[in-house]
Amino acid sequence: MDIFSNKQVLIVGILSKLILSIFLMLTESGLSGSAINVPANFVFGDSLVDVGNNNYIVSLSKANYVPNGIDFGQPTGRFTNGRTIVDIIGQELGLQGFTPLYLARSTRGISVLVHGVNYASGGGGILNHTGKIFGGRINLDAQIDNFANTRQDIISAIGVSATLELLQNGLFSITIGSNDFINNYLTPVISVPEQKLVSPQVFVATMISRFRLQLTRLYMLGAQKIIVANVGPIGCIPFQRELNPEAGNNCFSYPNQLAQMFNTQLRSLIQELSSNLEGSKFAYANVYGIVDDIIQNSRSYGFENSDSSCCYLAGRFGGLIPCGPPSKVCPDRSKYVFWDAFHPSDSANLIIARRLLDGNCNDIFPFNVRRLVTL
């Protein structure tokens with residue numbers, strides 16, 4: 001009888017802590033009804049969604065200096081003039097503020113962690129040797145390690161059952177893979193020997209094999225609602241246009257072909273995991289299709305420039321030198337698809353985010369973000 005009573009006490013304690021954690025979210029943030037469906041938002045990826053983790057590591061891949069963040073109020077480590085895609089999605093869902101970055105000292109304590117954490121790192125990739133030219137970066141395996149640490153901290157505060165429920169209802173997004181091409185397989189000069197030894201088919205297969213293990217591990221740690229973004233049209237970024245002038249005014253086709261090869265296999269992988277991992281709800285985000293549409297039909301979206309960097313210093317497309325203090329900034333940032341040599345502007349990110357939130361199955365499959373959070 002005493003044993004039974006102890007179990008009851010334990011169950012009541014866990015439920016009480018869960019109720020307390022939800023109460024903290026509602027009272028501290030004043031969340032709207034739509035946001036209650038997303039008690040936590042966990043972000044993984046590269047510089048497209050990094051909000052400052054690289055500020056805390058020794059790396060050549062940083063954005064915590066002007067003119068980055070010119071429309072955010074100050075440089076924060078975001079590789080754009082304003083907000084990232086995940087910043088905007090969080091705002092549209094009514095989440096409290098921006099999801100805090102993992103390496104910040106302030107990202108501690110249960111009242112913070114229950115809202116989610118951003119683990120993304122500029123230069124990071126699916127493969128662990130991706131981005132080594134930058135020195136420090138946090139690749140996806142290490143990002144998942146960091147999430148496992150967060151998970152344990154939450155368990156220590158509210159117990160296993162409450163934590164699993166929090167994670168199962170939370171939103172997980174992974175935006176990664178571009179660096180595995182740009183700063184690995186396609187790195188100028190350095191990658192020539194690898195390209196001779198490793199075919200594109202083998203390289204992509206290696207990425208998919210590793211990604212399968214990483215996504216499965218994330219699921220095993222408790223994630224169920226998982227958005228996986230494909231690789232965008234990397235042959236259209238100003239950097240690739242500069243390196244391949246033979247493309248003229250067009251996107252350079254070879255990187256785009258690699259991205260499409262990866263994306264085709266990634267979509268099959270997402271369908272495979274959805275079938276094999278019980279209770280999982282994967283969404284395949286077609287960022288390639290969305291960005292390609294923006295570039296090809298830029299005028300209809302209100303853009304005047306779809307091939308050059310708004311933040312520029314040298315090169316026909318402004319893509320030869322990274323955005324930094326010596327750079328010049330275009331007069332109207334809202335008219336440019338690209339902020340710098342690699343990354344979209346806030347205006348482009350806004351379009352991408354809204355199409356992922358409310359788009360049809362051509363944009364995100366089998367359900368959009370707003371639908372996913374209600375499941």
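This is a predicted model: local features need pLDDT of at least 70, side-chain atom pairs count only at pLDDT 80 or more; totals for chains, interfaces and linings use all residues.

1. Residues are numbered from 1 along each chain as its sequence is written, and side-chain values use heavy atoms, leaving out hydrogens and water.

2. Take helix α11 (residues 287-296) and helix α12 (residues 346-358): their axes lie 10 Å apart, at an angle of about 135°. Axes here are lines fitted to C-alpha atoms over the stretch in contact, with angles from 0 to 180 degrees between N-to-C directions. Helices are DSSP runs (H or I, at least four residues), and strands are E runs of at least two, numbered from the N terminus.

3. Which residues of α11 meet α12? Ile-290, Val-291, Asp-293 and Ile-294 do, against Ala-348, Ile-351, Ile-352, Arg-355 and Leu-356 (contact means heavy atoms within 4.5 Å).

4. Asn-54 sits in the loop between β1 (41-45) and α2 (85-93). Is Asn-54 buried or exposed? Asn-54 counts as buried, at 1% relative accessibility (buried is under 20% relative accessible area, exposed over 50%, partly exposed in between, with a 1.4 Å probe and protein chains only).

5. Turning to helix α10 (residues 253-276), Ser-268 is found there and is partly exposed, with a relative accessible area of 42%. Ser-268 and Tyr-284 are 16 residues apart in sequence, and their C-alpha atoms are 9.8 Å apart in space.
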